[in-house]
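Please prepare a briefing on the helix packing, side-chain contacts and aromatic pairs of the model shown here.

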Amino acid sequence: MTETADREDRLADFTRDKRILLLSLMAVVIGAISAVVAKALVWLIAVFTNLTFYQRLSSDFISPTNHHLGVLVIFAPVAGGLIIGLMARFGSEKIRGHGIPEALEAILFGRSRMDVKVAVLKPLSSAISIGSGGPFGAEGPIIMTGGAIGSLFAQLFHLSAAERKTLLVAGAAGGMSAIFNAPVAAVLLAVELLLFEWRPRSFIPVAIASAVAAMVRVPLLGAGAIFPVTTHAPLNAEGLMIAFAVGIAAGLASGALTALVYLCEDLFSKLPIHWMWWPAIGGLFVGVGGWLDPRVLGVGYDTIHALLRGEIVGAVVIGLLIGKVVVWSISLGSGTSGGVLAPLLIIGGALGAIEGRFIHLGDPGLWAMISMLQ
């Protein structure tokens, strides 16, 4: 192939044709469905949380922090882990993990094909995990569930593997947009983690799905930022240098945290029992941690709010950081179901709040926000 022909072939990847219009129309439907699925996931988490920690049937989104179970709270995550292990063993093993690696596997090795079991069991298992106290977020499960919706939709119309990937990523971005009301961030995350390209043939449908999901979210989950923050004064040169150091510290901490999760996975793999029982064992550690500090339980959105407002300081925030790191690493290493973004925001925010005690500039909420976003 000549240099000119090779150049033209590369440029052809950025051409637009009528297939983009078809995929864009499909992305509208997928975005709307993803928002509905996100609402269903939030509803399920709320129902299981109320049943587990307050013994009532309610769909009000509530934190397990104020439960009155006492020492019995230890057994709630164990029961949830046991159910998830059974679902993974006899339902679909693909529900294990936080969702993003599984979506990547479907794209890279499965020609973007996902099955109905994943679309049904992933949100259900994640809701049971989080609702029974698992220290996870909803973003990983909604990425995988939304991706499954997009993949199934593409398979229904017998689209090509490349087009299936586009709609899979469109569903994932739509789910993220609906959960966090952040359509632009959802598109960027989807491109970075799943799409691997900026070509119009794939980027445009993904952006459309994310925008539609954000619009459909309003009547389902409400408008406005999910984590509202107060306006902080602009940082001067000294503040920017401190922010740079805080970011470096967060990056180093994230590397150590990743190594800890891998260590936990390796330790679980050496157990002389079937992996079906691992989530229950991980749930035991979560339960003990939740008994010592209830803030480590559940999705933790209220804790993120408190960190951003600078309300968790001193020894309390140190305990929160240690407790969340330990229970999240062990539970995730056990192969249970749940997302990683919300816990990482808590861990990063707690680290920033601790650093804020020694920074005589701004308030702890500012440094918690800077650290959690690294």
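**Briefing: a buried arginine and its surroundings**

Arg 217 is located in helix H9, which covers residues 200-221; helices (H or I, at least four residues) and strands (E, at least two) are DSSP runs, numbered from the N terminus. This is a predicted model, in which local features need pLDDT of at least 70, side-chain atom pairs count only at pLDDT 80 or more, and totals for chains, interfaces and linings use all residues. Residues are numbered from 1 along each chain as its sequence is written, and side-chain values use heavy atoms, with hydrogens and water left out.

- A polar atom of the Arg 217 side chain lies 2.5 Å from the backbone oxygen of Ala 178. A polar contact is a pair of N or O atoms within 3.5 Å; within protein, one must be able to donate a hydrogen and the other to accept it, and residues adjacent in sequence count only if both atoms are side-chain atoms.
- The backbone oxygen of Gly 222 is reached by the side chain of Arg 217 at 2.4 Å.
- Leaving aside residues up to four places away in sequence, Arg 217 touches Ala 35, Ser 177, Ala 178, Ile 179, Phe 180, Asn 181, Gly 222 and Ala 223, where contact means heavy atoms within 4.5 Å.
- Gly 224 sits in the loop between H9 and helix H10 (237-269), and with 39% relative accessibility Gly 224 counts as partly exposed.
- The C-alpha atoms of Gly 224 and Asn 181 are 7.5 Å apart in space, while the two residues are 43 residues apart in sequence.

**Packing of helix H2**

- Helix H2 (residues 18-54) packs with H7 at an angle of about 40°, and their axes are 7 Å apart. This makes H2 oblique to H7, given that angles under 35 degrees count as roughly parallel, over 145 as roughly antiparallel, 65 to 115 as roughly perpendicular and the rest as oblique.
- Axes are lines fitted to C-alpha atoms, for helices over the stretch in contact, and angles run from 0 to 180 degrees between N-to-C directions.
- The crossing of H2 and H7 is right-handed; a crossing is left-handed if the near helix is turned anticlockwise from the far one by less than a right angle, and right-handed if clockwise.
- The contact includes Ala 35 of H2 and, among the residues of H7, Gly 171, Gly 174, Gly 175 and Ala 178.
- H2 also packs with H9, at an angle of about 35° and with axes 7 Å apart, in a right-handed crossing.
- Residues at the H2 and H9 contact include Ala 35 of H2 and Arg 217 of H9.

**Aromatic pairs**

- Rings of Phe, Tyr and Trp (its six-membered ring) pair if their centres lie within 6.5 Å; planes under 30 degrees apart count as stacked, over 60 as edge-to-face and the rest as tilted. By this rule there are six aromatic pairs.
- One of them is the tilted pair of Phe 153 and Phe 157, at 5.1 Å centre to centre with 45° between the planes.
- Phe 153 is buried at 16% relative accessibility, whereas Phe 157 is partly exposed at 44%.
- Phe 180 and Tyr 301 have ring centres 6.4 Å apart and planes at 55°, so this pair is tilted.
- The pair links distant parts of the chain, 121 residues apart: Phe 180 belongs to helix H7 (residues 161-180) and Tyr 301 to helix H12 (residues 301-308).
- Phe 180 is buried at 10% relative accessibility, and Tyr 301 is buried at 13%.
- One aromatic cluster is formed by Phe 61, Phe 180, Phe 227 and Tyr 301.

Key: Buried < 20%, exposed > 50% of the residue type's maximum accessible area, 1.4 Å probe, protein only.
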